[in-house]
Amino acid sequence: GLVASMFCDFGREFVVVDTNGEQPLSSMVSSVTKDESSVVTCLDEQRHGFEDGDCVKFSEVQGMTELNDGKPRSIKVLGPYTFSIGDTSKYSDYVRGGIVS
């Protein structure tokens, strides 16, 4: 049979944020505080399932649009529906919506 091997070097700018190889989790955002230690709250019907140190990305956030930049953010889990993403005190006010994955 035929055997092959391939290596792809994507350069120094390529960042892998997948810690376990599982399908990415996602949750709906219900609120984001504007604070030095901002707290993200997900909808009560769905636990977010994230762990300390996970990297998340936001999309479709209305108001605090700085979160929609596509940059991964490291989190600290505070509870089954809440986690902290760091300083958002200089961001615009959160209005509604959003998806975190």
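Contact here means heavy atoms within 4.5 Å. By that criterion, and leaving aside neighbours within four places in sequence, Val100 is in contact with Leu25, Ser26, Ser27, Val29, Cys42, Phe50, Val56, Lys57, Phe58 and Phe83.

The model is predicted: local features need a pLDDT of at least 70, side-chain atom pairs count only at pLDDT 80 or more, and totals for chains, interfaces and linings use all residues. Residues are numbered from 1 along each chain as its sequence is written, and side-chain values use heavy atoms, with hydrogens and water left out.

**Confidence**

pLDDT is the predictor's confidence in each residue, from 0 to 100. The protein averages 89, and 96% of the residues score at least 70. Strands (E, at least two residues) and helices (H or I, at least four) are DSSP runs, numbered from the N terminus. Confidence is lowest in strand 3 (residues 55-56), with a mean of 90, and highest in strand 4 (residues 58-59), with 95.

**Core**

A nonpolar core is a set of buried Ala, Val, Leu, Ile, Met, Phe, Trp, Tyr and Cys residues joined through side-chain atoms within 4.5 Å. Buried means under 20% relative accessible area, exposed over 50%, and partly exposed in between (1.4 Å probe, protein chains only). The largest such core has 15 residues, and Phe58, Phe83 and Val100 have the most contacts inside it. Strand 1, strand 2 and strand 7 (82-86) each supply at least two residues of this core. In soluble globular proteins, nonpolar side chains tend to be buried together.

**Cysteines**

With a disulfide defined as a pair of cysteine sulfur atoms within 2.5 Å, the structure holds 0 disulfides. Cys42 is in no disulfide, and the nearest cysteine sulfur, that of Cys55, is 16 Å away. Cys42 is buried, at a relative accessible area of 0%, whereas Cys8 is partly exposed, at 43%.

A salt bridge is a side-chain nitrogen of Lys or Arg within 4 Å of a carboxyl oxygen of Asp or Glu.

| Lys34 and Asp93 | 3.2 Å | Lys34: 41%, partly exposed | Asp93: 52%, exposed |

In the bridge between Lys34 and Asp93, Lys34 lies in the loop between strand 1 and strand 2 and Asp93 in the loop between strand 7 and strand 8 (99-100), so the pair ties together parts that are 59 residues apart in sequence. The loop that holds Lys34 runs between strand 1 (27-32) and strand 2 (38-42). Not counting residues up to four places away in sequence, Lys34 touches Met64, Thr88, Ser89, Tyr91, Ser92 and Asp93. The C-alpha atoms of Lys34 and Ser89, which are 55 residues apart along the chain, are separated by 4.9 Å. The backbone oxygen of Tyr91 lies 2.9 Å from a polar atom of the Lys34 side chain.

**Glu60**

Glu60 has a positive phi of about 60° although it is not a glycine. Glu60 lies in the loop between strand 4 and strand 5 (73-74) and is exposed, with a relative accessible area of 58%.

Terms used:
Polar contact = N/O pair within 3.5 Å; in protein donor to acceptor, adjacent residues only side chain to side chain.
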